[in-house]
Amino acid sequence: MASPKLFSPLTLGRLELPNRIVISPMCQYSADENGSMTDWHKIHLGHLALSGAGLLIVEASAVAPEGRITSGDVGLYSDDNEQAMARVLESVRAHSPMPIGIQLGHAGRKASCQAPWEGGAQLSLEEGGWQTVAPSAVAYQDGQRPPQAMSLDDIEQLKANFVASAKRAERLGFELIELHAAHGYLLHEFLSPLSNQRDDEYGGSLENRMRIVLEIFDAVRSVFPDDKPVGIRISGSDWVEGGWNLEQSVELAKALDARGCSFIDCSGGGLDPRQTLNVGPNYQVPFARRMKQEVAMPVIAVGLITEPEQAEGIVFGGEADAVALARGMLYDPRWPWHAAAKLGATVHAPKQYLRSQPHTLKKLFG
């Protein structure tokens, strides 16, 4: 019986993953008021790191205070942020060999909000919110406080902030960086003509709208070690007429591929509340399938991938090189164990849990 493709190694840049299951970055809205990780992150990341997945990517970490979605978002812009993250990582790494990456981002006009369990609405300045920034002074939805359009100096500072956070990520020993250019946050806002109405070199044509993403990739790549991968997550489409779409995504991916991007993680939507889409199993996999036809770098698929056979079909069929799970991993933090059991593969487990191997699966834990 052939070994399942899902549990075969995958190389991102020079980083070899033991299998093709990626734990997506998932915001926890549980940092302290200064953007520093707390004990919650030790628990959250700790148990995910025992799951047997091939890669764990830490939640979107803001490169500046105003880039947080909520006041509970994690940041990587201060010494305190870095020290708190170091404490969490030390605990996790003491008990797990799993490679750990970090997603760096900026929420743009979707910042200054309540946590989802509090309703998720934008906070007014009187409620403790802050002035948001964006490519143009266009609010995410009617009734919201418009963002401040970024000046060229602001753009230069943004690039410097990404570089500073990337240097912190290197000091922390992260093995991978993923740039967040999806879900309607700042870099996605520059890409989409719906949110980017600038008339300078960062707006208008597709080349101009892609400029900041490519510049930030180049800047981060230049300061992160050559042997460590730098990749990107994009939204393949806004799912709104006249917005960012798959053909533009392909052009961005080709430009990144030519620059040595290590992987592309293909999500979708999040930029405009008018989006129309049919949510169902594999609903975003077509983005990854198209990217596989267009670029040389590895492609990661996401989007309601919940069943082992479903994930195996995606990678075995060549639609993507890996699959990333988010909510499914929260619901079942041992999903990779159960997938390996279902598909007849082996998976890593900590020595303290080896006795949990079912009697009928003598080779599950190798």
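The side chains of Glu294 and Arg290 come together in a salt bridge, with 3.0 Å from N to O. Both sit in helix α7 (residues 285–294), and because they are four residues apart there, about one helical turn separates them. Glu294 counts as partly exposed, since its relative accessibility is 27%. Keep in mind that this is a predicted model.

## Other salt bridges

Elsewhere, salt bridges that share partners tie Asp79, Glu82, Arg168 and Arg171 into one network. In total, the structure holds 17 salt bridges.

One of them pairs the side chains of Arg171 and Glu82, at 2.9 Å from N to O.

Asp200 and Arg198 give another example, with their side chains meeting at 2.7 Å, N to O. Here Arg198 has 12% relative accessibility, so it counts as buried.

## Arg221, a buried charge without a bridge

Now for an arginine that has no salt bridge. Arg221 lies in helix α5 (residues 206–223) and is buried. Which side chain of opposite charge is nearest to Arg221? That would be Asp226, 4.8 Å away.

Setting aside residues up to four places away in sequence, Arg221 touches Asp226, Lys228, Pro229, Val230 and Ser262.

## Ala253 in α6

Helix α6 (residues 246–258) contains Ala253. Its relative accessible area is 0%, so Ala253 is buried. Apart from neighbours within four places in sequence, Ala253 is in contact with Ile264, Met291, Val295 and Met297.

For a sense of distance, take Ala253 and Arg14: they are 239 residues apart in sequence, and their C-alpha atoms are 20 Å apart in space.

## Helix α10 and what covers it

Which residues of helix α10 (residues 335–343) are buried? They are Trp335, Pro336, Trp337, Ala339, Ala340 and Leu343. The cover over these buried residues includes β3 (21–23), α8 (308–316), β12 (322–325) and α9 (327–331).

Just past the end of α10 comes Gly344, which adopts a positive phi of about 80 degrees.

## The chain as a whole

Stepping back, the chain has ten helices and twelve strands. Its C-alpha atoms fill a box of roughly 65 × 40 × 40 Å along the principal axes. A compact globule of 366 residues would have a radius of gyration near 21 Å, and the chain's 20 Å agrees with that.

Buried residues account for 59% of the 366 in the chain. Of the contacts between residues at least 6 apart in sequence, 69% join residues at least 24 apart. The chain exposes about 15100 Å², and carbon and sulfur atoms supply 50% of that area. As for charge, there are 33 positive and 44 negative charges, and their mean positions are 7 Å apart.

Note on methods:
Residues numbered from 1 in each chain as written. Predicted model: local features only at pLDDT ≥ 70, side-chain atom pairs only at ≥ 80, totals over all residues. Heavy atoms only, no water. Buried < 20%, exposed > 50% of the residue type's maximum accessible area, 1.4 Å probe, protein only. Helix = DSSP H or I, 4+ residues; strand = E, 2+ residues; numbered from the N terminus. Contact = heavy atoms within 4.5 Å. Lys, Arg positive; Asp, Glu negative; His and termini not counted. Salt bridge = Lys/Arg side-chain N within 4 Å of Asp/Glu carboxyl O. Rg over C-alpha atoms; globule rule 2.2 N^0.38 Å. Areas by Shrake-Rupley, 256 points an atom, 1.4 Å probe, with all protein chains shown as cover. Charge placed at Lys NZ, Arg CZ, Asp CG, Glu CD.
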